[in-house]
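Hi,

Here is the structure I promised to pass on. Have a look at it first, then read my notes below.

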Amino acid sequence: MEENNKTHFGFEEVGLEEKQTKVKGVFDSVAENYDFMNDLMSFGLHRLWKKALLELAELPPHPSVLDIASGTADIPKLIIQSNQNTAVQVTDINGSMLELGRNRAIDENFISNCFFLTASGEELPYKDATFDLITVGFGLRNFTNKDKGIAEMLRCLKSNGVLLILEFSKPTNSFIRKAYDWYSFNILPKMGKFFANDEKSYQYLAESIRMHPDQESLKMHILAAGFSKCNFYNFQNGIVSIHKAIK
Ligand SMILES: C[S@@+](CC[C@H](N)C(=O)[O-])C[C@H]1O[C@@H](n2cnc3c(N)ncnc32)[C@H](O)[C@@H]1O
C-alpha cells in the first residue's frame, strides 16, 4: 500500500515521515466539532455501524481489549456498556482527540474501565499476545503504513483473538458509488466549511476514503499479514465495511 518512501495524504503524495504530522494536524483541527460533524455527515449512521461492530465482537467473560484510533471513545464506551468486566486500552496518536475521550469517559461514567495512552497503531506499546479483541474505527485509512499496523495488531492479539476494523470502503453498486462520490466531494467539504469553518479537513476526509483499499484488497492484506481467517460485512451498500479477522 506504501512504496518508495512515499505514501498518500488524501490525493497528495507525501514522504512517509510527513504523513503522521499532517494527519495529526487534521484531527487537531476537527477535534472540537468531531462528534457533531460525525452525526451530521453520516446522518447518525455511524452509531449503527459501531453497534454492528460490537455485535461482531466475541467477548470472553473478562476481556482485555485494545481500541486503536479511539478519538472521542465511542467504541470503548459501547464495549464497556456491553460488559462491565472489560478493561479497554483507549489509544490514539492525537492528544486533543484522546482528551475529549477521557472527558467523556468521566462525564458518562465509564472511566474506571479505561486506560488512556497516546500511541500509534503502527507501533503498539504492548507485549505479544495481550488482547482478546482489537478494534479500529475509521482509523486505519489514516495510517502511514497500514501493513505495519495490521502486523502490530496480529502480534498483540492472543491466539484466536479477534480484530475488527470498521472503515469507509467501496459501494458495490455503480449508481450508489457515483452518488456517494458526488456527496463526498461536493457536499462534505462545504458542510465542513459552514459548520466547522474547516473545508480542507473535510476535503481530506473525502480523498482519504477514495485512496483506501476496497473490501477485497483489505481482506488480502489482512490475510497476508498472517491472520487465519477474515470476512467482511458491508453496510449501506459498502460505503462502510467491517472486516473481522481471527488470529
Ligand atoms: C475519524 S477518527 C475516528 C475516531 C473513533 N474511532 C470513531 O470511530 O469515531 C480517526 C482517529 O484516528 C487517529 N489516528 C490517525 N492515525 C493514527 C495512527 N497511526 N495510530 C493511531 N491513531 C491514529 C486520529 O488521531 C483520529 O482520532
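F131 sits in strand β6, which runs over residues 131-137. Keep in mind that this is a predicted model. Is F131 buried or exposed? Count the other C-beta atoms within 10 Å and you get 24, and a residue needs 20 or more to count as buried, so F131 is buried. Setting aside neighbours within four places in sequence, F131 is in contact with S64, V65 and L66, and also with C156, L157, K158 and G161. A224 is another story: 93 residues along the chain from F131, with 21 Å between the two C-alpha atoms.

Which residues of α5 are buried? They are M97, L98, L100, G101 and A105. These cover an arc of only 155° around the axis, so they lie on the same side of α5.

What do the buried residues of α5 pack against? The partners are two helices, α1 and α2 (34-42), plus two strands, β4 (87-92) and β5 (114-118). After α5 comes N109, which has a positive phi, near 65°.

Now for the ligand. Its surroundings are made up of 20 residues, and the closest are A69, G71, N94, G121 and G137. Sorted by class, this shell has nine nonpolar, eight polar and three charged residues. Helices α1 (16-30) and α4 (74-82) each supply at least two residues of the shell.

Finally, zoom out to the protein as a whole. Its secondary structure comes to nine helices and nine strands. The C-alpha atoms fill a box of roughly 45 × 40 × 35 Å along the principal axes. For 247 residues, a compact globule would have a radius of gyration near 18 Å, and the 17 Å of this protein agrees with that. Of those 247 residues, 41% count as buried. Among contacts with a separation of 6 or more, 67% are between residues 24 or more positions apart.

Cheers

Note on methods:
Residues are numbered from 1 along each chain as its sequence is written. This is a predicted model: local features need pLDDT of at least 70, side-chain atom pairs count only at pLDDT 80 or more; totals for chains, interfaces and linings use all residues. Helices (H or I, at least four residues) and strands (E, at least two) are DSSP runs, numbered from the N terminus. The radius of gyration is taken over C-alpha atoms; the globule rule is 2.2 Å times the number of residues to the power 0.38. A residue is buried if 20 or more other C-beta atoms lie within 10 Å of its own, exposed if 12 or fewer, and partly exposed in between; C-beta atoms are placed from the backbone. Two residues are in contact if their C-beta atoms, placed from the backbone, lie within 7 Å. A residue is near a molecule or strand if its C-beta atom, placed from the backbone, lies within 6 Å of it. Ala, Val, Leu, Ile, Met, Phe, Trp, Tyr, Cys and Pro count as nonpolar, Asp, Glu, Lys and Arg as charged, and the others, Gly among them, as polar. The arc is that of the directions from the helix axis to the C-beta atoms.
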